[in-house]
Amino acid sequence: MNLQIAIHSSPRFATWMWIPDWHLLIDAGDGATQHLGYKIRKIDTVALTHSHRDHIGGLLQVVNQRGEAGNFAVAHPCGSRSFKQLENFASVFNPGSSWRATWHALEEGDSLQTGDTPERVLKAFRTRHYLDDNIENAPRSLGFHLLWRKQKVRAEFRDLSQKELDEMRRKIGQEAMTSPRLRDLPQAEREQMANQTGREGITEPVDEKWISVGGDGEPLDPNEVRGAKLLLHEATFLCKEDRDSGDEEEAEPTHGHVHSTVEEALRVAQMAQVENVVLYHISTRYTDAQIRDDIRAVAQNLDFRGRIWPVLPRRVHWNLLGEKPVWENHSN
Ligand SMILES: [Zn+2]
Ligand SMILES: [Zn+2]
């Protein structure tokens, strides 16, 4: 995949990812500004999956520093009260630049254009991370789809030849020229508007799912991420036993929130037929070698078709997808 993702993920401490093509920062754990430096200024949208400290520890820094470069957006799950409080605090903590942030409280299904091009759209979906979060509440955690919105010929016109399409476009444009909406405009402007109306008349926006990012939580619904070219799924635990035993903070459900295992994450990708998978939010209890070996063993066991990249805890991967995948199997 020819896409740059800079990512750091050490559960309990910090998770953030920077996707330059989308001008998008997903989560803002401690150290995000320190590592990204002036790249911070290129962010159009900061999208936050939930308000655990390892995902928002660096948010105030991001908001302050990004604000120095002008307006930008902060998107977060609408059911989380912490974000409302953070928004209020940010506005008085460093009001000189923090006012540049527009905070968007998102429901599942909400979309947000990132930056000033209409092609890049962020769409939120519900995840399950908090045990007491349920479908009747406004969501407290969200995942995000990164969609490319393309203008394509309308379904009902797809059988037409190019000549017929051009005629259709002209006809719709001509009708617009005589409409009351455009009648009183100067000629040049009227023609321009009519041409645009013609173009829009034969096309419709079609969203292509590029990347799905799940944030923390239970295994995602495969139907939700189906069709993504790339899935970033959390995999806090290498095996189920590590989740069920142990007294560390990650070993819930005693702490009220839940995480996935490598096998669960890969099964989601398999069921959703997603071929490129990033496993992140892997516990710092494991060594790099353990992580690589266990992922390979699970992938082998599942006969996983596709590529897998692990985000090793404690590390900043500057170009994750440029690295050699830990698993690659496209044969037969
Ligand atoms: Zn986390
Ligand atoms: Zn969390």
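**Entry 1: α11 against α12**

I began with the helix pair α11 and α12, which pack at about 45 degrees with their axes 10 Å apart. That angle makes α11 oblique to α12. The angle classes I use: under 35 degrees is roughly parallel, over 145 roughly antiparallel, 65 to 115 roughly perpendicular, and the rest oblique. Axes are lines fitted to C-alpha atoms, for helices over the stretch in contact, and angles run from 0 to 180 degrees between N-to-C directions.

I noted the crossing of α11 and α12 as right-handed. Handedness here means left-handed if the near helix is turned anticlockwise from the far one by less than a right angle, and right-handed if clockwise. On the α11 side the contact uses V262, E263, L266, R267 and Q270, and on the α12 side D294, I295, V298, A299 and L302. Those residues split into six nonpolar, one polar and three charged. Contact means C-beta atoms, placed from the backbone, within 7 Å.

**Entry 2: what I am looking at**

This is a predicted model, where local features need pLDDT of at least 70 and side-chain atom pairs count only at pLDDT 80 or more, while totals for chains, interfaces and linings use all residues. Residues are numbered from 1 along each chain as its sequence is written, and chains are lettered from A and ligands numbered from 1 in the order in which they are written.

I count twelve helices and 15 strands in the protein; these are DSSP runs numbered from the N terminus, helices being H or I of at least four residues and strands E of at least two. The protein divides into domain 1 (6–152 + 205–329) and domain 2 (154–204), with bounds from an automatic or database domain assignment. The C-alpha centres of domain 1 and domain 2 are 41 Å apart. The C-alpha box is roughly 75 × 60 × 40 Å along the principal axes.

**Entry 3: burial around α11**

Of the 332 residues, 43% are buried. Buried means 20 or more other C-beta atoms within 10 Å of a residue's own, exposed 12 or fewer, and partly exposed in between, with C-beta atoms placed from the backbone. In α11 (residues 262–272) I found V262, E263, A265, L266, V268, A269 and A272 buried. They pack against α9 (222–225), β11 (230–234), β12 (276–280), α12 (288–302) and β13 (306–310).

**Entry 4: positive phi**

Most residues other than glycine have a negative phi. Which residue just after α11 takes a positive phi? I got Q273, at about 55 degrees. Q273 sits in the loop between α11 and β12 and is partly exposed because it has 13 C-beta neighbours inside 10 Å.

H23 also has a positive phi, about 50 degrees, and is not a glycine. I placed H23 in the loop between β2 (14–19) and β3 (24–28). H23 is partly exposed, with 18 other C-beta atoms within 10 Å.

**Entry 5: α6 against α8**

I then looked up α6 (residues 162–177) and α8 (residues 187–202), whose axes come within 7 Å and cross at roughly 135 degrees. So α6 is oblique to α8. Their crossing is right-handed. The contact includes L165, M168 and I172 of α6 and M193, A194 and I202 of α8. The contact residues come to eight nonpolar, five polar and four charged.

Conventions:
Contact = placed C-beta atoms within 7 Å. Nonpolar A, V, L, I, M, F, W, Y, C, P; charged D, E, K, R; others polar.
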